[in-house]
Amino acid sequence: MANDPEEKQPPASPKEEPSAVKPPAAASEPASKPPTAPAAAAAKPPAVAAPPRPPAPPKEGPVPLDNDLVKRYKERFGDAIREAWIDRKQAILVVARERLMEIATYSRDDEKFDWLSDLTAVDWPKREQRFDIVLNMYSLERNERLRLKVYASADQRVPSVQGVWATANWEEREVYDMFGVVFEGHPDLKRILLPDEWQGHPLRKDYDILTQDTAWVRENLGIESGQ
Amino acid sequence: MLDQIVFYFFATLAVISAVLVVTRRNVVQSAIFLITALLATAGIFLQLHAEFLFIVQVILYAGGIMVLFVFVIMLINMDVSLHQVQFNRQWWLGLLLALVLGAQLTVAIAVGRSGLPLGEPAPATALEPSTQLVGRVLFSEYMLPFEIASILLLVAMIGAVVMAKKKV
Amino acid sequence: MQTLINFVISIWVQLVCALVIVAVLPLVAGYIVLMERKVMADMQARLGPMRVGPHGLLQPIADAVKLLLKEDIIPDEADKGIFWIAPLISVTAGMLAMSALAIGPWFQIADLNVGLLFVVGIGALGIFGIVLGGWSSNSHYSLLGALRSAAQLVSYETAAGLAIVGALLLAGTLSTREIIETQEDYGVWFVFAAPVGFFIYVVASIAETNRAPFDLPEAESELVAGYMTEYSGFRWALYFLAEYTNMVVVASIATTLFLGGWLRPFAGTTAFNFLDGFPSLLMLVVAGYCFYRAPKQPVKIQKMFLVVVAGLFILVAAIFAAPLMAPAGSLVASAKPGLHGAFWFLLKVGLYLYLFMWLRFTFPRYRFDQLMRLGWQFLIPLSIVNVMGIGLALVLHRQLGWSHWTAFPLTTILTLVVAGMLASAGAKKDKEHAVVGEEA
Amino acid sequence: MAEQRIPFATHAETTVLGADEIVLNMGPQHPSTHGVLRVKLRLDGEKVIGSECVIGYLHRGVEKIAEHRTYTQFAPYVDRMDYVAAVSNGLGYCEAVEKLLGAEAPLRARVIRTILTELQRIASHLFWLGTHALDIGALTPLFYCLREREEILKIFEKYCGARLTTHAFRIGGLQYEAYDEFEKDVERFCKPFDTRVNEYESLLTSNRIWVGRTKGIGILTAKEAIDYAASGPVIRASGVKWDIRKAMPYAAYDLYKFEIPTGKNGDTYDRYIVRMEEMRQSRLICLQAIENIPTGPIMGKVGKVLKPPPGEVYHAIEAPKGELGYYIVSDGTTQPYRVRIRPPSLINLEAFDKMIRGHLVADVVAIIGTLDIVLGEVDR
């Protein structure tokens, strides 16, 4: 059962997730009139009978995940796949930083995740490897999403996936601009949103929201810092 | 009397602008003065009731060739060539030659004055309107030179197109 | 001193006409701008200028005053002398070209023997104004705009010139007055004898005045405002005046050459004499509309103003009607050709300008290379073929005695066939160009 | 005559006819860059041989602000990103947070949300068509499009009081009940809208000059579109039949039938056709939806104070410009730990450099128009 079932449109296996009132797409599309079931948010069991799951959506956080996708990754890359869990019905794989390029190429070519929808970063200052670089991939054929995570500390260099998906170019520049993570192998890694001479990386947690690069402001705008 | 005024106005205008063309350091200004010189001569044609020549002078010289001049002046970057010193300090030699030429001209006119048929200019209405006149002459007596000239122009045009083709 | 006075007396008519042209043209240009904005608004489901005077009638005056008061900025490194003279060249070229045109049988400044050639030649001098203006304002954008417009004007002038040659073959003379008289003798306007020539001339004249689909040089979206970028205040207005004067000149050439100048439609046939009443009828209709709108004006002064305007139109209607009512031989009756001639000429010019505006608001802009390709690969060859076609028709008609009803339509069809072939060849080449775009 | 040096565009680093190329700067203040985008074009004569987009002039640090606001407080900021399609931004954010909470909006709320989002899609495409045609020189379509768009903005104003930055939705459902003649207004707009689209098409689609200016311009093949992660009409015009409303239905899209228009060779003309067809499809969705808006509550079971359990979610919707994604990380407090917004305009803009190579300056303007970018979203 691949990840993110709720997202998936499995023609065959019905999805009994009660929260979304949604007959599987394969089933005949209800006439333009919406389902006659009482409009109240009653969970309408899908047309195909399936044991209704407890209505309470999974309240607890990430749950370890082990499906065939994760198995394929594990037997291909062994311990490079550090962890795998599912959070809010979306699969997440934490991978080793060194082998990111390989895993990315494998995901695109063999696993058909050919459309990199997003590449971003989150800063956890308390953790030793403070940044986690997040790659949200999507497979056009299998209509599935998968999220790769790589942990990196401030001074470690993350391999750039710009070679695998051309779209990563500007997104990596933005992560460099906002977090200061250096991407190795990126054609021209420089700031994309902020002026080139700006000091500091705003989206880091320790960059207080009122801090403005006073030097840059004083020098270019000729005024004391705006705060 | 009015004709004299008009004539002298155009004549002096032509001479002054011709001189200015040579002496201007700014190349575009000299181009403009060249245009005024050509228009002044066109004015003189008009004064002689040669309307066709007047308009041909305006269209060909001012409208055609000078547009090409100004076009080329703009396309070539003038900055570099302006800094080199244009004059090579031999203007006195030029002046001398000009005086010699002037002297020769005045002598020729003075001696030949009696021989030249400088009678009263024919009244405007005597001749046919110049367009028909030029047209008839051009296509009757001077048919052959007219055709040769047109072929020559055609060859020049094709040459230009072929040369430009390589660059595109 | 005496000769000077004699000289002035002998040409007072031309002098008055010249004064009228120089004084009235800016006002007319202003009202053409208003007409354009109103027509544009009408086509775009909105109202256009309504605030200054009733229905925006005083808008041109407001524009002129605004432009006069605007600060006149000269870029610091610009070439002051040329920057100052460039718009003047454009305006003088435009106005000078108006002098050879015969607005009505009476209203003509100079009946030059080379009339039409003069107008086209002087019009060509306008290029200097644009090119020098673009160059002297020393900004990269205006230079690119100036070079582009120069190239466009030069290439479309050839097409317009050849289209004129086509019609001149029919007219046999260059003087504007005689062209209209030959059309009167033939009883048919040249637009029906050489329709392809007229079509080419319309397209070429639009390109020549930098308007509508061909307004590349000041295409707002690419080069900001082309050669006019650095101009402001009244200097910019001079360029605008030059553009509208050129438009009027080009429209007058077309009217003189193809639409029978000051001739009333069906001038010859007496059956259509009721058309003589059309000018005063039109004026009365306009006056009626003004009266109808007057009470609806919000401000009292605008009501009064509209009533005055309506009165004016009734007066003009009376002037047009007077020669019809007056007894045959009287002086007043003799004024008919002059007045009605001028009316018909200006009406045709007005309709031609409306065509300009109509095209401007429906068509997107050509790209520069498409524009040049259309000019050189379609219009110019077609106009050459058109000249040959009309020559052939004349030979058939005059030498071989074919009736002109068969000769001219036949040649027109021939030219259209050639036009089709040219167009398809052009389309094939476009595909190649499109491919070039791909693999470059 | 004093030495009068001819200053010839020395300040701009340009040599007009030198062998090397010109660098033409289409600066932030340019009438056709749809906002404050600066493009440094490297030209060889008139042909573009390279470009560099300089962005960031409208950067307001929305993602940093999000970390200091509660989930509900951050909702209005989302409208300011793609200010032309504020309603769909709001829908994306609210659904993402609902997914984070594991809550669900009731059916009636989801149907009304679908109607308003589809109306917003039509309004966004109308605004695109008007400005795109204006850039290429056609003056008239702009006013027709704005006339229709005005009707939609009136409906938004009647529903939630605002025209542009509407903040129409709340996390968990809707704040306002649909006003009583809501169905009639939407129907009054949708019924004649088909003839209106035909009106635009009569002006442009078969217009020789329009076809000449758009066919074969800014070609993006399907493979390149996927590689550059283009989305929305840009990827569909290249032939990839993919629309999140069909692939991963959200709100109430799975209840209605509609087609996904695709193009063949991914040039400006195909993108134009795709967007025009999309407007028609959105109209069909709205008509189907207003036939029977289910009754019932408009607000789901979501507490006043939202404290989602720690974890993260990525939720994407089909905004008019493309896939608008929200990656929200929650650390259990009332304020999101990290909100990352996937801007479709910025990612579509990445393919811009590849698309304009070999074209002329006039085409650059057309290509910026066809990408339909809004700088508020590009710079965030």
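Trainee: Which residue stands opposite Arg42(D) in strand 3 of chain D?
Mentor: Gly50(D). Before we go on, this is a predicted model, where local features need pLDDT of at least 70, side-chain atom pairs count only at pLDDT 80 or more, and totals for chains, interfaces and linings use all residues. Residues are numbered from 1 along each chain as its sequence is written, while chains are lettered from A and ligands numbered from 1 in the order in which they are written.

Trainee: What counts as a strand here?
Mentor: Strands (E, at least two residues) and helices (H or I, at least four) are DSSP runs, numbered from the N terminus. Two strands pair if DSSP finds at least two bridges between them.

Trainee: Back to chain D. How many bridges join strand 2 to strand 3 of chain D?
Mentor: Seven, and the two strands run antiparallel. Strand 2 covers residues 38–44 and strand 3 covers residues 47–54. They form a hairpin with two residues between them. Gly45(D) sits in that turn, with a positive phi of about 70°.

Trainee: How many residues of chain D are in contact with chain A?
Mentor: 53 residues of chain D, meeting 47 residues of chain A. Contact means that the C-beta atoms, placed from the backbone, lie within 7 Å. Strand 6 (residues 311–319) of chain D gives the most to the chain D side, with five residues. By class, that side has 25 nonpolar, twelve polar and 16 charged residues. Nonpolar covers Ala, Val, Leu, Ile, Met, Phe, Trp, Tyr, Cys and Pro; charged covers Asp, Glu, Lys and Arg; the others, Gly among them, are polar.

Trainee: Now chain A. What is the strand order in its six-strand sheet?
Mentor: 1-2-3-6-5-4, with mixed pairing in an open sheet. Strand 1 (63–64) and strand 4 (115–123) of chain A stand at the edges, each with a single partner strand, so one side of each is left without a neighbour in the sheet. Helix 1 (residues 68–77) of chain A packs on the sheet, touching strand 2 and strand 3 of chain A.

Trainee: Is strand 3 of chain A mostly covered or mostly open?
Mentor: Mostly covered: five of its six residues are buried. Buried means 20 or more other C-beta atoms within 10 Å of a residue's own; 12 or fewer is exposed, and in between is partly exposed, with C-beta atoms placed from the backbone.

Trainee: Which strands does strand 3 of chain A pair with?
Mentor: Strand 2 (residues 81–87) of chain A pairs with it antiparallel, over six bridges. Strand 6 (residues 144–152) of chain A runs parallel to it, joined by four bridges. Asp87(A) has Gln90(A) as its bridge partner, and Val94(A) has Lys149(A).

Trainee: What about confidence for chain A?
Mentor: Its mean pLDDT is 74, and 72% of its residues reach 70 or more. pLDDT is the predictor's confidence in each residue, from 0 to 100. Over residues 1–59 of chain A it is below 50.

Trainee: And chain B: how many helices and strands?
Mentor: Seven helices and zero strands. Buried residues make up 13% of its 168 residues. The mean pLDDT of chain B is 83.

Key
Contact = placed C-beta atoms within 7 Å. Axes fitted to C-alpha atoms, helices over the stretch in contact; angles between N-to-C directions.
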